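Q: Please take me through this model by its definitions. I want each label set against its cut-off.

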Amino acid sequence: MLTRLAALLLWRTLALACVALGVIGLFLPVLPTTPFLLVAAWAAGRGWPQFEAWLLAHPHLGPPILRWRHHRAVPRRAKWAASLTMAASVGLIAVSSAPQPLKWLVPLFLLVVALWLWRRPEI
């Protein structure tokens with residue numbers, strides 16, 4: 001009983017935290033909104049079906065979640081925004097005093113993410 005209750009609380013906390021971060025991302029250009037909404041809907045589906053239904057039915061938050069669930073699609077505008085943000089991050093890391101391995105690993109990781117992202121369908 002306690003384990004089930006703890007799991008339920010963790011799923012709900014994760015869902016609420018991700019929605020909060022997603023909403024903050026609406027106002028901060030460096031914080032992506034959609035990935036947090038996807039995680040929020042996923043977590044809500046495991047511990048708060050009513051909240052998941054609300055997210056899916058929401059006129060602004062629901063469409064990106066549904067687009068991802070049905071088609072694994074990412075709009076071209078989002079791809080460009082993510083790519084430009086990743087490029088800016090690489091530039092900042094390059095001129096920073098970060099350790100040399102980090103200056104190679106982060107751009108490599110972001111390149112893999114960008115390649116994956118641009119291979120997603122667009123709707």
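A: Start with burial: buried means under 20% relative accessible area, exposed means over 50%, and partly exposed lies in between (1.4 Å probe, protein chains only). This is a predicted model, where local features need pLDDT of at least 70, side-chain atom pairs count only at pLDDT 80 or more, and totals for chains, interfaces and linings use all residues. Residues are numbered from 1 along each chain as its sequence is written, and side-chain values use heavy atoms, with hydrogens and water left out.

Q: Why is Trp 68 called buried?
A: Its relative accessible area is 18%. The limit for buried is under 20%. Trp 68 therefore counts as buried.

Q: What share of the residues of the protein counts as buried?
A: Of 123 residues, 24% are buried. The accessible surface comes to about 8500 Å² (Shrake-Rupley method, 1.4 Å probe; for residues, only the protein chains shown count as cover). Carbon and sulfur atoms hold 74% of that surface.

Q: How many of the contacts between residues at least 6 apart in sequence join residues at least 24 apart?
A: The share is 59%. A contact means heavy atoms within 4.5 Å.

Q: Why is the pair of Trp 68 and Trp 116 called tilted?
A: A search of the whole structure finds five aromatic pairs. The ring centres of Trp 68 and Trp 116 are 5.9 Å apart, and their planes stand at 55°. Rings of Phe, Tyr and Trp (its six-membered ring) pair if their centres lie within 6.5 Å; planes under 30 degrees apart are stacked, over 60 edge-to-face, and the rest tilted. The pair is therefore tilted. Trp 68 sits in helix H4 and Trp 116 in helix H6, 48 residues apart.

Q: Is Trp 116 buried or partly exposed?
A: Partly exposed, at 42% relative accessibility.

Q: What makes the pair of Trp 80 and Trp 118 edge-to-face?
A: The angle between the planes is 75°, and the centres are 5.2 Å apart. Edge-to-face needs over 60 degrees. Trp 80 is in helix H5 and Trp 118 in helix H6, so the pair ties together parts 38 residues apart in sequence. Trp 80 is partly exposed at 47%. Trp 118 is also partly exposed, with 31%.

Q: Which residues form one aromatic cluster?
A: Trp 48, Phe 51 and Trp 54.

Q: How do you know that Arg 69 and Glu 52 meet in a salt bridge?
A: The N to O distance is 2.9 Å. A salt bridge is a side-chain nitrogen of Lys or Arg within 4 Å of a carboxyl oxygen of Asp or Glu. Arg 69 lies in helix H4 (residues 62–71) and Glu 52 in helix H3 (residues 49–57), so the pair joins parts 17 residues apart in sequence. Arg 69 is partly exposed at 35%. Glu 52 is buried at 17%.

Q: How many salt bridges does this rule give?
A: Three.

Q: What joins Arg 76, Lys 79 and Glu 122 into one network?
A: Glu 122 and Lys 79 meet in a salt bridge of 3.2 Å, N to O. Arg 76 forms a salt bridge with Glu 122, the closest N and O atoms being 3.0 Å apart. Salt bridges that share partners join the three residues into one network.

Q: Why is Lys 79 called buried?
A: Lys 79 has 1% relative accessibility. Buried means under 20%, so the label follows. Arg 76, by contrast, is partly exposed at 47%. Glu 122 is partly exposed at 33%.

Q: What makes the nonpolar surface patch?
A: Leu 105, Leu 108, Leu 111, Val 112 and Leu 115 make it, over about 490 Å². Patch residues have over 30% relative accessible area and no salt bridge; like charges are joined within 9 Å, nonpolar side chains (Val, Leu, Ile, Met, Phe, Trp, Tyr) within 5 Å. Leu 115 lies in helix H6 (residues 100–118).

Conventions
Helices (H or I, at least four residues) and strands (E, at least two) are DSSP runs, numbered from the N terminus.
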